[in-house]
Amino acid sequence: MCALESTKSVKLRSFGETNKYGVAAKDLRELLKKGCKLLKKPMNCARVCTYDDGTELTEEYFKTLPRNVELVLLSGDEAWNGFMDEIAGLLSKDRTSSQLLEAARYFRSDDRSAKRRKLLADSLVGLEDHSEMESREDDQEWFEGLLPRFKTKSAYMKSNCERRIRGYMTELEVAKISSQSPRVKEEFAKTARGITDLLKADRYNGRYFDRSEVEEKNRLCTAQGWFTCQGAFDQDLCKSLHSINPYGNKESRINFGTWNLDHRIEKKRTVIPALVDAVQNHQSSAINLTYFYRLLFTTDNLRLVHFVCHKKVPHLLQCDSKKMYKRATKTPKPKTPGKGKRPRIK
């Protein structure tokens, strides 16, 4: 009876395999012997480690293991650093392989750890990549829930960007003027219309999300549709290396909606108030419309950021007062008659 109580049941798998087998052993030596026989591994240099974190077992550590713990049998120069090795192994294979997706789904459904389940689920989203498909006919699932007028992924993504940019235009048009002067209100209306005309001329900058845009400098993604987080307003780059391809699958398209176009010099706190102040003290014809247009609607001041990198705190960045107004052109002074050089008399 005592011998039975000291026997421990574990789930053992071979390195690189997903199938697990129940093995009962009273110590590490017996586990190695039974495991090598079952999984057809040589006893020489065989060892066992935990599936979770890759800790190699000793006789003492074996005694502390819980029942039905998952273990990996290694031999030769095989190494196991924990379940993340499994994810890395998946990602190193063909991303479009059906066998790869089946293996990832098996790990997710079999896994009892919430953390591992989340990581594997996130991996599955990236693995189901149909970014090479562009039309509605080729990837109907990607277009589920979208209006029938969108026939290609690029057309929808371009429209998605235009819609975001139009929202900034609306905020400009409804900006409150503290002055009750009809002249000031009219001047601001002229200024807003001038900036809006610049935006319309640039077709609302929808090209930022359009992977079919020919000029690479005019889009924020690669030709395949990959977007990279540009980092918080006060950082040079994204330290977390966030990236996403909304062209890949429906879930990625929806998740991309949580990414933000963030104004480094803040739109509501700084740019629009600065424009209002400028109009109250100058005529609209003196305002540098191009400067304010670039701050409000272009990547001169916009950064694409993952929602984690979107810091909702005061940025404390100001508009450049030297660029807010048009430079006055100097009129050349007319030459005074008779002041020119006299011809030289020989």
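This note goes through the helix packing, salt bridges and cysteines of a predicted model.

1. Basis. The model is predicted, so local features are given at pLDDT of at least 70 and side-chain atom pairs at pLDDT 80 or more, while totals for chains, interfaces and linings use all residues. Residues are numbered from 1 along each chain as its sequence is written, and side-chain values use heavy atoms, with hydrogens and water left out.

2. H7 and H8. Helix H7 (residues 153-173) packs with helix H8 (residues 182-201) at an angle of about 170°, and their axes are 10 Å apart. The two helices are therefore roughly antiparallel (angles over 145 degrees count as such). Axes are lines fitted to C-alpha atoms, for helices over the stretch in contact, and angles run from 0 to 180 degrees between N-to-C directions. Helices (H or I, at least four residues) and strands (E, at least two) are DSSP runs, numbered from the N terminus.

3. The residues between them. H7 contributes Ile165, Met169, Leu172 and Glu173, and H8 contributes Phe188, Ala192, Ile195, Thr196 and Leu199 (contact means heavy atoms within 4.5 Å). By class there are 7 nonpolar, 1 polar and 1 charged residues in this contact.

4. H11. In helix H11 (residues 289-297), the buried residues are Tyr291, Phe292, Tyr293, Leu295, Leu296 and Phe297. Buried means under 20% relative accessible area, exposed over 50%, and partly exposed in between (1.4 Å probe, protein chains only). These residues of H11 pack against H7, H8, strand E7 (260-263), helix H10 (267-281) and strand E8 (302-305).

5. Salt bridges. There are 15 salt bridges in the structure (a side-chain nitrogen of Lys or Arg within 4 Å of a carboxyl oxygen of Asp or Glu). Glu171 pairs with Lys267, with the closest N and O atoms 3.6 Å apart. Glu171 lies in H7 and Lys267 in H10, so this pair ties together parts that are 96 residues apart in sequence. Glu171 is partly exposed at 24% relative accessible area, whereas Lys267 is buried at 12%.

6. Other charged pairs. Arg269 and Glu266 form a salt bridge with closest N and O atoms 2.5 Å apart; Arg269 is exposed at 52% and Glu266 buried at 11%. Lys26 bridges to Glu30 at 3.4 Å. Arg13, Lys20 and Glu70 are linked in a salt-bridge network.

7. Cysteines. The structure has 0 disulfides (pairs of cysteine sulfur atoms within 2.5 Å). For Cys221, the closest cysteine sulfur is that of Cys161, 9.8 Å away and too far for a bond. Cys221 is buried at 6% relative accessibility, and Cys36 is buried at 3%.

How values were computed:
Angles under 35 degrees count as roughly parallel, over 145 as roughly antiparallel, 65 to 115 as roughly perpendicular and the rest as oblique. Ala, Val, Leu, Ile, Met, Phe, Trp, Tyr, Cys and Pro count as nonpolar, Asp, Glu, Lys and Arg as charged, and the others, Gly among them, as polar.
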